[in-house]
Amino acid sequence: MLTKFETKSNRVKGLSFHSKRPWILASLHSGVIQLWDYRMGTLIDRFDEHDGPVRGVHFHKSQPLFVSGGDDYKIKVWNYKMHRCLFTLLGHLDYIRTVQFHNEYPWIVSASDDQTIRIWNWQSRTCISVLTGHNHYVMCASFHPKEDLVVSASLDQTVRVWDIGALRKKTVSPADDILRLSQMNTDLFGGVDAVVKYVLEGHDRGVNWAAFHPSLPLIVSGADDRQVKLWRMNDTKAWEVDTLRGHMNNVSCVMFHAKQDIIVSNSEDKSIRVWDVTKRTGVQTFRREHDRFWILAAHPEMNLLAAGHDSGMIVFKLERERPAFSVTGDSLYYVKDRFLRFYEFSSQKDNQVIPIRRPGSNSLNQGPRTLSYSPTENAVLVCSDLDGGSYELYIVPKESIGRSDTVQEAKRGLGGSAVFVARNRFAVLEKSSNQVLVKNLKNEIVKKSNTLPVPTDAIFYAGTGNLLCRAEDRVVIFDLQQRTVLGDLQTPFVKYIVWSNDMESIALLSKHAIIIASKKLVHRCTLHETIRVKSGAWDDNGVFIYTTLNHIKYCLPNGDSGIIRTLDVPIYITKVSGSTIYCLDRDGKNRVIAIDATEYVFKLALIKKKFDHVMSMIRNSQLCGQAMIAYLQQKGFPEVALHFVKDERTRFNLALESGNIQIAVASAKEIDEKDHWYRLGVEALRQGNAGIVEYAYQRTKNFERLSFLYLITGNIDKLSKMLRIAELKNDVMGQFHNALYLGDIRERVKILETAGHLPLAYVTASVHGLKEDADRLAAELGDNVPSLPEGKVPKLLIPPKPILCGGDWPLLRVMKGIFEGGLDNIGRGGQEEDDEAAPADWGDDLDIVDVDGMQNGDIGLVVEDGEVIKEENDEEGGWDLEDLELPPELDTPKATVNARSAIFVAPTPGMPVSQIWIQKSSLAGEHAAAGNFDTAMRLLSRQLGIRNFAPLKPMFLDLHSGSHTYLRAFASAPVIPLAVEKGWSENASPNVRSPPALVYKFSQLDEKLRTAYKVTTEGKFSEALKIFLNILHTIPLIVVESRREVDEVKELIVIAKEYVLGLRMEVKRKEIRDDAVRQQELAAYFTHCSLQRIHLRLVLASAMSICFKGGNYNTAANFARRLLETDPTNETQAKRARQVLQACTERNMKDANQLNYDFRNPFVVCGATFVPIYRGQKDVSCPYCGTRFVPSIEGQLCAVCELAVVGADASGLLCSSSQIR
């Protein structure tokens, strides 16, 4: 059983499939009727007007109706489109068990516990016949699919067949109907419309169900005696043919399968049983643990069954319907019925090749599952689930394309799956041992693989000698020769795989997903489908075409997908060629489907940037629709989308997105809404197109923004006009702002005075030195004159004078985009001349804020405005057109239109110097100088294992700022950055760029080293430590010229490291006053750092005195000897060493304390724990400074250089281009 859909609900008592849509009705014991989409697995609707259980439900074959009957004695007819009950048929006097529509006539048959069967006309909504004769509950009644018969089953242990021929005649000839009405009324139950034809007796208990065979004169019945009986009938009589025994409890429902010779029954024993009609034996049993079965339903067209039980229902298939097939080049081999067939795509010829063994019908689902073909040997492997998985190998004779019926004796074997892996070798999966056996065409084992890398349950071909192994949650490609894994990918459970023609790509199909990957199983994209994925094939362009239950769809290489067309029945794609799809349907017939590939070919061309192809498609095809526009927008091609769109709002949005101001202006005029003008203004401002910004603000009468625009573009004349307009509009705030922008003090004083702000007016006048106005205002204010603060220097509020009046920003002349130049004249044809003239109307359109435009609807004001504007018109033209100083593009649109096909050549933008610096450089210092800190950090991490960049941050910033200088041009322009290059000279070629000049040089480090030595000698250890650390922190960013200098830099790292380590120990020693032993150890270790001789003497002298004081005479004597070996120039040092040596000898060279120090055994000191690591002990080192550490420090930050991670992988210091050459 292949379960397709399952629901959890109350007990299901009635089921009905829709004939066309993927719907099923389930009526529940709770009184609810559910409408499910079994393909999507969703509940579409629920109907709950019945009171009590609903036992019967049925869809009409062609109308949007269904009928239901329940324990409330009511039959209801519903319209599922209107989601409501149309009417109720009343008449039964007890529970209604089943209801059913007639295939042709407007009839419903119902069976009831009132011992009657009624036939109703649902159009006239009346009962047209009552069938009486049963003497117990009637459990079911149904019409014969073709003849005028009704079969019914009752608890009176009989099955009755009724002849309703008279009823049909009466319905067909309504004249008779009128004559009979009176007779029917007189004797309602004595009508002769329906007569009992046969009474079938044979069951020992009540019969629960009876059903007709769809085409043969057979009846099947199931009863409480646990038996299923088969009956045959002819014109005169009916008789029992056989009894099928096996159910352990009441048989609740039984039916014939429309497509196969089987009977399906279910029972309260919690099982569904399948019986062979011809052999009358049980074929298969499906059981549930806890749920009794009550009802069965079969799909009228498809191979689907449904069963209702105590806690829901299942929709299932008894057998797979996917034909086994294999495609090779131009040919297809597939299995249909008992034959292997061959189909040639080019000629569309279909031939039977050889008969193959058909599995016996003693069990279902044992037919061929997969097929593998070897073209050179003409051999076919057919795999099936027989005996838990087996294969058969057939050799196809070359001349056998005919109708030979003798079954060739195939070579057989057991195995989970079998596929050809080479010309004459095939692989068989042995699931028990998780191994693959390689066999030859004689079916002999040639080779056994090792255990497969994953627990495999199926294998597929993956190129010669390779297998794709499928596990529950992953697939791997396994090389049988090398026994290695070539690729591994986590996936949902994969059902089928499809290789592209060149074997470079693979599609893995699972139930609800498609994973596209490369031949090495590198993941490319995943698609999820809500409906089950059925099949797929690659087309010639690398697009994967696949089918779900109801669509043909495509998947592009980048993961975009879409629908190509809808399907009425599922198909299995075998090959895609151009716009033709070859496929097999569920009956095993080859079909050829023509598709429109325009959409996906267009999208593919866009992805691959084949813009000439895109253009020709736009010109020649009917590509349109919201989906395509949205796609183009999403993929960043709004300018292409513009050519599809007629709707002005969409055009406006696309034009703004693609920066096409002209189209945006045209659309904004058409729409003419404030919001659109505002958005146009914002985009125009972004592009520096001041003329359009001004136009947009004028259209929306946005005076504040206009004033500010004139201020920032330095247009004083227009600002003055804005002041006048604000005056006319009585907009005090606007007046004041404009006066402020203009720096017109007198105007400001006047405005403040008019507004009644006398103190403010007085302060303004007196601060700006307008004495007369100040005196006049002081007189008006009398005693309330505000006092000005003492001792403060007043600042004048006067804006700076504009240096130049800014118009539109200059634009680069650029080549028209391929889409603009080529697409402007699409579909224009005869309109070319009008088109040429159209943009010239811009002039007239722009007289925007004239009298009528000024204040929409505010008549009084318009009149005043009009007058004022007229007065000014003589001199400066108020708000009229002449003033607008449109940008050059808008003044002369002719030029651009005529130049439509001309090619503009843009200057190629140069590459920034900082980018040239880093193009071929792997030196971190140069990347930091160019400002590419992230790549500099990545380089340092890779070369030296550096992870802590905090100490390097100031150096990065210094390098960057030090290799750039900045020129100020003039006030309103930004500063111009210039790159400072190494070794620049006037006669150098401007096209050849030198590396950056760096502020850190190796010579500076030499000076620092000398300073550090000096400070160390003076005993300023903390200061010395800082300088040595600074040297270590600077070296990674140093760049030198020659290999000799590289060696010197590496030497410097070692020197600085040794000193930092030693000084850290010395600083630590001074901190621990109370631990004499540890003090002696640290002093002793310091003597083993590689130091300058002068410093070594000081260190040895220090260690000697510390150990002598601590009573460790042997160790002190050793330091004294070493000190004397250095030939100290300082006589006091030498004298002291000799004295110590003598004193130690007198005291028997004994050590009072045991130190962790053995001077005879060579060692290095751990940079973090300060303990000796003797030769032969394990250690880890810092990839940058080389300090050694005990293994437990691995993965921590180096305590010496404070930059790198101990034990990290690194390629080594790179500080000169000479290292790369």
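Select W538 and F544 to begin: W538 is buried, as is F544, where buried denotes under 20% relative accessible area, exposed over 50%, and partly exposed the range in between, with a 1.4 Å probe and protein chains only. This is a predicted model, in which local features need pLDDT of at least 70 and side-chain atom pairs count only at pLDDT 80 or more, while totals for chains, interfaces and linings use all residues. Residues are numbered from 1 along each chain as its sequence is written, and side-chain values use heavy atoms, with hydrogens and water left out.

With these two residues still selected, display their rings. Rings of Phe, Tyr and Trp (for Trp, the six-membered ring) pair if their centres lie within 6.5 Å, and planes under 30 degrees apart count as stacked, over 60 as edge-to-face and the rest as tilted. By this rule the count comes to 33 aromatic pairs. The pair of W538 and F544 is tilted, at 5.1 Å centre to centre and with 55 degrees between the planes. An aromatic cluster can be shown by selecting W23, F47, F59, F66, W78 and Y80.

Return next to F544 and colour the strand β50 (residues 544-548), which is joined to β51 by 4 bridges, the two running antiparallel. Strands here are DSSP runs of E with at least two residues, helices are runs of H or I with at least four residues, and both are numbered from the N terminus; two strands pair if DSSP finds at least two bridges between them. Y546 has K553 in β51 as its bridge partner, and 2 residues lie between β50 and β51 in their hairpin.

Now select β51 (residues 551-555) by itself: 5 of its 5 residues are buried, so the strand is largely enclosed by the rest of the structure. Both of its faces are covered, with H551, K553 and C555 buried on one side and I552 and Y554 buried on the other.

For an open sheet, select the 4 strands in the order β45-β46-β47-β48, whose pairing is antiparallel. The edges are β45 (494-499) and β48 (523-528), each with a single partner strand, so one side of each is left without a neighbour in the sheet. Within this sheet, β46 (residues 505-510) and β47 (residues 513-518) pair in the antiparallel sense over 5 bridges, and the bridge partner of L508 in β47 is I515.

Two charged side chains come next, under the rule that NZ of Lys or CZ of Arg lies within 6 Å of the ring centre and within 35 degrees of the ring normal. The charged end of R322 sits over the ring of Y496, 3.6 Å from its centre, and that of K237 sits over the ring of W239, 5.3 Å from its centre.

Finish at helix α34 (residues 1131-1146), which has 16 residues. Its buried residues are Q1133, A1134, A1137, V1140, L1141, A1143 and C1144, and these pack against α32 (1093-1109) and α33 (1113-1125), contact being heavy atoms within 4.5 Å. After α34 comes N1148, whose phi is positive, near 65 degrees.

Terms used
Expected span 1.5 Å × (residues − 1).
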